[in-house]
Amino acid sequence: GPATLLPQTVKPPNRYVFYLLPGATEQARALINFADTNLGLKKSRAAVVYEEGVLTTVAGKAAIDQAQLRGWETIANTSFAAKSFVAMQRAEELKKQQVETVFFFGDNTQTATLLAAANTIEWRPNLFLLGSLAAGDLANAVPDGFKDKIFLAFPTVPSDISTEGGAEYRALSEKYKLTPRHRASQFAALAAAKTLVEGLKRAGADLSREQLISALEGLYDFDTGLTPRIIFGPNRRIGAAGAYMIKVNPESKSLASASGWITAN
């Protein structure tokens, strides 16, 4: 049935598993697409820098692959061993290489120290991140000189929750006395359940595993009321393949929308 966890990098993908939200691969590809199409940075000297870990490596390799697919002219690919990031050294190396655009996949602390080091040496590149890795208290760590230069990918945003979806969640929450501490997970679980129910309805009374798979593959632009609209298909197992782009305003120490939905294609 529809899963809420991050898509796994299994090849070939498991045809019996459907994911609602994008994983690190799709979000990283969407970052490249946004930097290219929306900001015109394809011709800038760029670098993908990532920690050697499961999600960070997946994101880094996906960004490189997508950049190559889209014909980026100059993009370096560098990784660093887990927990061995030296921010000043890396910032000085990238500045020396005249890098103007960085796709960085590390944790919140690594991102903050890279920003501080870059500001110290007066190097202010465009910086692209995964919100799930680097969001935290990042807005407060961004130096003023980085206005309109830092962008994060998020798989979902509060505006995905429609009036009807919010009301449905609140009714369930009140009925079953749900704790508010895990609201995001609860939204995702409810969205997965609604998607499964829609698949069961479309499969009909004479239900089989293959009929359910076929019904789910037929979902196109399905609105859960809690997530981006879902599109599945015979060769598509990630319902929302892309990301929203959010930018950091260092002056107000806040996050704001930079674009609508950006696909990972």
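Which residues is V102 in contact with, leaving aside its neighbours within four places in sequence? I looked this up in the model, which is a predicted one, and found A47, V49, L94, W123, P125, N126, L127 and F128 in contact with V102. I then noted that V102 belongs to the largest nonpolar core, a set of 31 residues, and that it is listed with F104, W123, L127, L129 and I150 among those with the most contacts inside that core. Going through the elements, I found that β3 (46–51), α3 (87–96), β5 (101–105), α4 (108–120), β6 (126–130), α6 (138–141), β7 (150–154) and β8 (242–249) each supply at least two of the core residues, while the largest share, four residues, comes from α4. I also recorded a second, separate core of 27 residues, which includes A59, I64, F105 and L130. As background, I kept in mind that nonpolar side chains tend to be buried together in soluble globular proteins.

The crossing of α1 past α2 is right-handed. On the α1 side I listed A24, T25, A28, R29, I32 and N33, which meet L55, V58, A59, A62, A63, D65, Q66, A67 and L69 of α2. By class, I noted ten nonpolar, three polar and two charged residues in this contact.

For helix α7 (residues 163–176) and helix α8 (residues 183–203), I found a packing angle of about 110° and axes 11 Å apart, which makes α7 roughly perpendicular to α8. The contact is made by E168, Y169 and L172 from α7 together with R183, Q186, F187, L190 and K194 from α8, and these divide into four nonpolar, one polar and three charged residues.

K83 has a phi near 60° and is found in the loop between β4 (75–80) and α3, where it is exposed, with a relative accessible area of 70%. K177 has a positive phi of about 55° and sits in the loop between α7 and α8; at 69% relative accessibility, K177 also counts as exposed.

Note on methods: Residues are numbered from 1 along each chain as its sequence is written. This is a predicted model: local features need pLDDT of at least 70, side-chain atom pairs count only at pLDDT 80 or more; totals for chains, interfaces and linings use all residues. Side-chain values use heavy atoms; hydrogens and water are left out. A nonpolar core is a set of buried Ala, Val, Leu, Ile, Met, Phe, Trp, Tyr and Cys residues joined through side-chain atoms within 4.5 Å. Buried means under 20% relative accessible area, exposed over 50%, partly exposed in between (1.4 Å probe, protein chains only). Contact means heavy atoms within 4.5 Å. A crossing is left-handed if the near helix is turned anticlockwise from the far one by less than a right angle, and right-handed if clockwise. Ala, Val, Leu, Ile, Met, Phe, Trp, Tyr, Cys and Pro count as nonpolar, Asp, Glu, Lys and Arg as charged, and the others, Gly among them, as polar. Axes are lines fitted to C-alpha atoms, for helices over the stretch in contact, and angles run from 0 to 180 degrees between N-to-C directions. Angles under 35 degrees count as roughly parallel, over 145 as roughly antiparallel, 65 to 115 as roughly perpendicular and the rest as oblique.
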